[in-house]
Amino acid sequence: MVSAGLAGLILFAAVAFFLIIGAPISISVGIASMLAMFSILDPENALQTSAQRMFTGMNSFTLLAIPFFILAGVIMNNGGIAMRLVNCAKVLAGRMPGSLAQTNVLANMMFGSISGSGVAAAAAVGSTMAPMQEKEGYDRSFSAAVNIASAPTGMLIPPSNTLIVFSLVSGGTSIAALFMAGYIPGILWGIACMIAAFIIAKRRGYKSNEKVPFKVALKVFIDAIPSLLLIIIVIGGIILGAFTATEGSAIAVVYALLLSFIYRTIKIKDLPRILIESTRTTAIVIFLIGVSTIMSWVMSFTGIPRLIADTLLGFTDNMIIILIIMNIVLLIVGTFMDPTPAILIFTPIFLPIALQFGMDPVHFGIMVVFNLSIGTITPPVGPALFVGARVAKLKIEQVIRPLIPFFAVTVVVLLLVTYIPDLSLWLPKLLGLIK
């Protein structure tokens with residue numbers, strides 16, 4: 001047990017050290033896990049075990065869905081789909097005060113759900129909406145805040161790579177159930193942002209859109225239907241059991257590519273660049289999963305999850321307080337760690353505690369992903385925050401203050417999702433995906 005305790009100390013101290021000096025999270029986790037391995041096993045066995053665990057972690061049919069969904073997102077990001085979704089959202093936003101801000105939120109929800117990436121949504125929708133809002137006299141920092149705050153909704157509204165990762169780490173929680181569970185929380189996030197934008201826009205006197213003629217609105221909806229059909233085809237097929245999430249992701253790639261060719265927004269010569277871009281993103285995610293698998297093995301060997309569980313349960317047996325502690329930890333972790341490694345590291349720690357209190361793993365997964373999605377818009381590391389600010393041509397400090405109201409309403413929704421399980425579980429239960 002002495003060596004196990006030493007391994008745990010080395011693991012966390014090394015991760016903290018490498019993060020402090022600015023090393024990438026994957027390198028930090030990988031080197032720290034190797035050093036911890038050397039304190040448990042002899043060098044030869046440590047290297048062999050590390051290699052085996054890393055390969056096992058990446059050798060999963062389920063994980064194939066991630067590179068396909070990433071590729072589909074990159075294709076759509078380059079395929080002119082964002083503008084069609086923005087036009088559709090603009091019609092839906094109607095004549096509400098601050099209708100362009102409402103449009104931004106709706107477009108992020110639609111585009112994010114199709115691409116599965118909050119960062120991609122912040123970039124694609126933000127770059128389209130920012131000039132339009134500036135032309136109508138919107139404050140640039142307010143516009144950027146709206147775009148940033150609503151961008152991560154696509155990490156909950158399926159298809160979602162983060163939910164696929166959680167399914168893998170949690171021991172095979174149904175991806176179909178997780179996908180359905182993400183809809184209501186993701187939509188509530190978007191609605192909360194729209195309410196905050198409405199109140200602020202009303203106070204500032206921002207104009208609403210001009211009334212759109214019925215024929216124009218109908219044409220806009222028809223133009224957006226092929227893009228929105230992707231969600232129906234992929235998610236519908238997964239729910240009905242016509243194909244797996246991995247097969248659905250491949251279908252998403254083919255559909256997005258055909259649609260982009262029909263729109264004539266992507267040419268054959270663009271494919272190498274698109275493939276390289278998606279490969280780089282995929283490599284980062286899969287490598288993170290591999291090194292995090294080594295870390296999970298070390299943590300399991302050292303009994304760290306059990307130690308943390310015993311400590312928490314020794315402190316209190318009140319589920320409400322336990323969930324508050326989990327949320328606080330995950331919110332803090334999300335400020336400096338990407339969602340994927342955070343899910344890989346903290347799911348094995350917190351899931352056993354949640355299960356001990358009778359919490360459904362699907363509900364727990366949505367709570368975790370919701371927390372870590374908020375981290376993508378929170379300094380100092382938030383990727384959606386940096387991309388959204390860069391698209392708006394603003395400094396981070398110019399965006400933080402107008403972002404606070406949106407952050408506040410999002411946290412309120414997080415608490416609702418945490419303590420009202422049916423917000424996550426109603427749809428999966430209705431479709432018979434869980435009991």
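**Cavities and a pocket in a predicted model**

The lining of the second largest cavity divides by class into four nonpolar, four polar and one charged residues (Ala, Val, Leu, Ile, Met, Phe, Trp, Tyr, Cys and Pro count as nonpolar, Asp, Glu, Lys and Arg as charged, and the others, Gly among them, as polar). This is a predicted model, in which local features need pLDDT of at least 70 and side-chain atom pairs count only at pLDDT 80 or more, while totals for chains, interfaces and linings use all residues. Residues are numbered from 1 along each chain as its sequence is written, and side-chain values use heavy atoms, without hydrogens and water.

On a 1 Å grid over the protein atoms alone, a cavity is a set of points where a 1.4 Å probe fits but cannot get out; a pocket is an open set with protein on both sides within 12 Å along at least five of seven lines; lining residues have an atom within 4 Å of a point. Grid points are joined across faces, edges and corners, and a volume is the space filled by probe spheres set on the points.

The whole structure holds two cavities of 30 Å³ or more. The second largest cavity, of about 30 Å³, has among its lining residues Met337, Asp338 and Pro339. The largest cavity has a volume of about 50 Å³, and its lining has no charged residues. Asn104, Gln133 and Asn147 are among the residues that line the largest cavity.

The largest pocket contains about 1000 Å³ of space. Of its 38 lining residues, Ser117, Val119, Thr281, Val285 and Pro383 are the closest to its centre. The lining of this pocket comprises 21 nonpolar, 13 polar and four charged residues.
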